[in-house]
Amino acid sequence: MTEAIVQDPRPLLAVLVSLVAAVLVVASYRSPNVREGWTILAAVAKFAIVASMLPRVLEGTVFEWTVVEILPDIAFVLRADALGMLFAFLASGLWIVTSFYSIGYMRGLDEANQTRYFAAFAVSLSATMGIAFAGNLVTIFVFYELLSIATYPLVAHDETPEARSAGRKYLAYTMFGGGVLVLAGTVMVYWLTGTVAFTAGGIEELASADPGLAMLAFFLLAVGFGVKAGIMPLHQWLPEAMVAPTPVSGLLHAVAVVKSGAFGVSRVVLDVFGPELVFDLSLPFGFSAGLVLSTIGAITLTAASLIALRKDHLKQRLAYSTVSQLSYIVLGLGLFGWYGLVGALLHIPAHAFMKLTLFFCAGNLHVSTHTDYISEMAGIGKRMPLTMGAFTVASLGMAGIPLLAGFVSKYYMLIGGIRMGAELTPVAYYLVGALLLSGVLNVAYFWPVIYTAFFEAEDDHDAKPLVDFPMGGERRSTLAATDGGRAGDDAATDGGRTGDDEVDESDDDEPDVEDVVESAEVGSDADADGADAEDTDPEIPEDSDIPDAETDDLPTDEEGVVRPDFDTSDRDFSEPAERVDTGDYAVDASPSDADVPFGVGRGGAGSTGSSDVESDDDGEGDIDDDGTVSDHDARHADHDDAHHGGPPPGGWEHLRGLAALRGRESTWFTLAPILTAMSLAVLLGVIPYEMGFLELIELIVDTRLPEEVARP
Amino acid sequence: MTDVLLPLSIAVPIVAATLPLALGLRYEDVGWPVAAVTTLGLVGSAAAVALEVYTAGPFDHELGGYAPPIGIELVADELSAAVFLLVTLVSAATLVLSRAIGPRGNAFHSAYLLLTGGLVGVSLTGDLFNLFVFLEIVGLTTYALIAADRSGASAYASLKYLVVGTVGASLYLVGVGYVFLATGTLNMADVSVQIVEQAGYTDPLIRAGYAFIVVGFALKIALFPVHSWQPDAYQRAPDSVTTLVAALVSTASAYALIRVTYSVFTVDFLAANDAITTGVLLVAGVSILAGSGLAVMQSDLKRMFAYSSVAQFGMVAAAVGIADETALLGGVVHLVGHGLMKFGLFCGLALLAAGYGARRVEDLASLARDAPFASGALAVLGLSLVGIPPSVGFLGKWYVSLGAVRSAGATGGVVGIALAAVILASTLFTLAYVARVIEQLYFAGVDRGDAERGVADHGDAGGHADGPARDAGDAVADGGSGDATAPGTVPTAPLVVLVAAALVVVGLGFAGAGFESLLDPYLSEVFA
Amino acid sequence: MTALPAGSAAHAAFDVLAGSPVAAGTALDVLGTRHAYVTFALLLCIGLYMMIANPNLVKKVIGLNLFQTAIFLLFIASAYVEGGAIPIVYSGGEGPYVSPLPHVIVLTAIVVGVSLTAVALALCIRIYDEYGTLRVDTLRELLREEGSLPAGPGLPGGESSGEGGDGDD
């Protein structure tokens, strides 16, 4: 492969197009339609620019454009080589999908500050392109920092205390990774070699530099980029950042931002140090720098999978899944050999498609039903068949089922690991073991979601033993009892789950955990206790006196609940996790830590933050409590007050056949992106070459490996 | 003939300083035009000097026609031209700010012109004793300006600064005296020659002299153990004065430190005296840590950024102590960049204080919605201070850390390595307080309807503290009301200046190569 | 500054007029035998101590003056040449002369010192007008009550005017 370097401004254009779009988005803040138009236009234009470079990059051309000499001997240079193209092509393509989804999601939830959201999103994508096309360490550092800054408004979007705290944490972690470690590593590389330019196969001078210093530089850089890729001791920011709106979690915290970390690591391994040097930098006990990197990856992926098992909040579970899957990439990059590297790089797009699908599904559940917790999802499959279907496909892919994207990449990595174990060092076998184990764990944490969605009913399902219930499970129902009359039977035992205002009231009975929520809802809850009597449904068992729940006229009919309620302006996952059973299980007395990140500890903050939002609801709450409830009001209050999901009274509506196909479960703004992302995941599993990714990756790896380990 | 500009640039503002007072007897409000015309002239002069220096090389002027070793010499080289330019530009920009938010009196403008003249003098002089005189002119006018608020608190802050500042200048003078004893000359260039010829770098007099000089400057710059005057002075001074003082006064002292260290004592002296260098590095490192730590704990905005100056000048002092060519370049870039950034930050805070009464961090809650441009500029400047590229803050940090790593790698000393780590980690320290401000500005989650009520309350509560101060200050120093702008708006002209400052700070981030090529003659001469 | 200790056997004879300093490397001996320099050191310390320890603002200013005077003494002493004439050159006059440069320096420094004292005293008057006291401790209490000084915990900066002196060399 000859690398023909072509001077061409297209890499720069790809960066600039969304920066310009950000300005236009801000300028047209008065008109949402124009504003979103710019976003879509920029997304399409960006993808077109990137795609226009793809054919020639596949032939080995490198597009390069030097903007300015930012430091002496260090140009601010953008170059689109195969590795950069891989990431840029992926991120720009998925931005189109995400843009549509964002529109559906943000409008569906009637979010505040949408202009800032779309502008920051566009800037983030610029920074991502910059990272992809950066031609040296300083340029990548510039965009890496810019990405941290641009993503911060998205994480802190809600302006609630926990969003701010997540934003703070996010900034602190990424700045530590970027501003401190990456900068230190860059400075060291510059000091050792006098250059920071990316060179396929590694900067030569580094091989002759002092091994100890080179090692230090390698780990500074690898860990610095690894922070964004969520390697284990430094992964904490990622689950917290899930307070961001779901499209952000989807594109940025599953694709662009975290992948920029993984991409940075691959740049460091492939283009700064070179795979050979990374393997040769040896440490005691038969380890090398690359193996240490892989080991960190292996530990992270196992531990993160185990944590994911116990997360009841769906986005949290996905976040830990992300942490774990990103470590595949890091692990694969440490494997010295053709297969390992191909597998690692292929996992970048593979994971992107699958995780994007999963996050979009989680977001869609949130928009349409306000359900965030897995324990509330029993039977949700019939309400949202397409969404949960896509979810199933994507999670199967995660687990590495053949014909799906995840299989191909894992397959390559396994071969790479085994070959390395056979030829070079037995340590690699442990890595293979970790890979296999994590496949099992993947099944273990995704299967309960699918199982509960499709094979259980809301009024009769098992508790999920690993989440927060006794081993062996518990039969119960999340279905709202529609009248108090059934208080005694098993539906009633599970009460509390039903309508959302009941949930709130149930909180009253558990001051330790949830009272903060109540205190915020002054209006409706001041009389909540009194209202208990009239307004209540089968209450928490401790309230076993539940006097006359019959007087409650919560809507029992379907039409009250079917339509997604779009005027709610709350984001419910900011609230403490609502227990499925608020009463008589031992676990409730001593809650497990399963939901801590969004749960107990943060409840207080959550309630104050949403207080003004909730104060809006007070009016309705009052009406409610005064007993003048119309069906409409009740339903409204349901979704508004309620920060909790779960099936409406009467159970999930069952969408069948045509209704489902017509997308009645949600809007096509969200459904289409879900299905697109899912199809891409399937396609990548079936025809990886035709999609361009595998071809790109083979090109990348071929140009960077020395002869003796080149493609078999 | 360009060399005549040097004495003129010093003399004209000092002479012009008498005009507002003299003409003030006849005309009202004559101060601002006089100051504006003079400052504009200075900007032109600085531009001409810089052009000459960067194209044709350094030049000097012998005052009164006496030859240098005896006569006083004014020197414009690559370093002093940069500081000269910074001084005049920031002074001019401050004038725009003070026009809008006060003080506006003739006395203020007289002091302002004196200060500018003194600052230009500091940056141009080539004589050790002359430097002392200009430092004192700068000091005296700064004390007067800080007290321009006419409140007891500002007088106390000013007196505190006066005592500490005078001790600093006096210690510098003692150091100069020692050097004079050893060498018998005061001309900088001559001293650097005579030190070698007559004394040698390990001569106790020379060592003691340098130690006194460094301690004197540390007091003036406000490095950590001796910084305590600075927060009070910055907080109590009128907003425009804080802007000017924060951007230039400590900067001038730090410039003088670089000048004396490298042009007079030279890098060989540092190499020959490890103990002194280590001491400087320790103080610098502790300054960075302590300054940032104290800044995080403040809730008054001006105090917060005052402590931030302690940390940032720690960085400059570190660059001086590292004695590496790259680090010194970083030090100079950071010196200039910090001047610009602090000007912008204090200018932005002044505007928000004038428009919305925001003096404490919590007063900023969600102000970004009402004052998007001022908030945006503040955010950009703050991030630049953190060292986010592309910005001049990043450039400075890059060079200083590169130099630190290089010298730590070369010597392997514990202090060097620790200092390199501190410099690299300073991103996080700075971020800790900048993020607080940005978060309040943008993500407080406050409905501005509520917030305005809240701010009004705060304003009243906090206003009592400095209420009398400001009122009195306005009455006397301005001869008019200080907050002429309608509440709830930000005056336009200074806003434009502020946004321009933010853009310049970002734009300079791409000018690394430019900085290096411009300063290269100076650096290669110093490190010859 | 007129307290020029006479009789010290001057040695630091810098024939500055001729432009060629002599007596290189002997500065150390000079220090050992000269009481002018000892006085300088004493005055310096007394002044510094007054500034740090005395709670009265005006006395702090007096300490400041002492401190500066000490420095003037240093310069004047350094200028002394044994048997030197005043450095006013008559036509045909013969050397050696006392070095005139330090005198010029001290004259300038005195001017600076006077203006400083003036500003300091003006500030003292303003403080006294405002608070009716010149004692630092009382003053700080008043300021804290008024809210001008951070009273809260962990906010240093009320470190008084003590400047810690030459701690780092």
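1. Leu403(A) is exposed, at a relative accessible area of 57% (exposed means over 50%, buried under 20%, partly exposed in between, with a 1.4 Å probe and protein chains only). This residue sits in the loop joining helix H16 (385–399) to helix H17 (405–423) of chain A; helices are DSSP runs of H or I with at least four residues, numbered from the N terminus.

2. The model is predicted: local features need pLDDT of at least 70 and side-chain atom pairs pLDDT 80 or more, while totals for chains, interfaces and linings use all residues. Residues are numbered from 1 along each chain as its sequence is written, chains are lettered from A in the order in which they are written, and side-chain values use heavy atoms, without hydrogens and water.

3. Between the two chains, 36 residues of chain B are in contact with 34 residues of chain A (contact: heavy atoms within 4.5 Å). The buried area is about 2,900 Å², with 77% from carbon and sulfur atoms; this is the accessible area (1.4 Å probe) that two parts lose on being put together, summed over both. Trp398(B), Glu439(B) and Phe443(B) supply 24% of what chain B buries against chain A, more than any other three residues.

4. Three salt bridges are counted between chain B and chain A (a side-chain nitrogen of Lys or Arg within 4 Å of a carboxyl oxygen of Asp or Glu). Arg164(A) forms a salt bridge with Glu439(B), their closest N and O atoms lying 3.8 Å apart.

5. On chain B, helix H16 (392–411), helix H17 (414–443) and helix H20 (512–526) each supply at least two residues of the side touching chain A. H16(B) gives the largest share, eleven residues.
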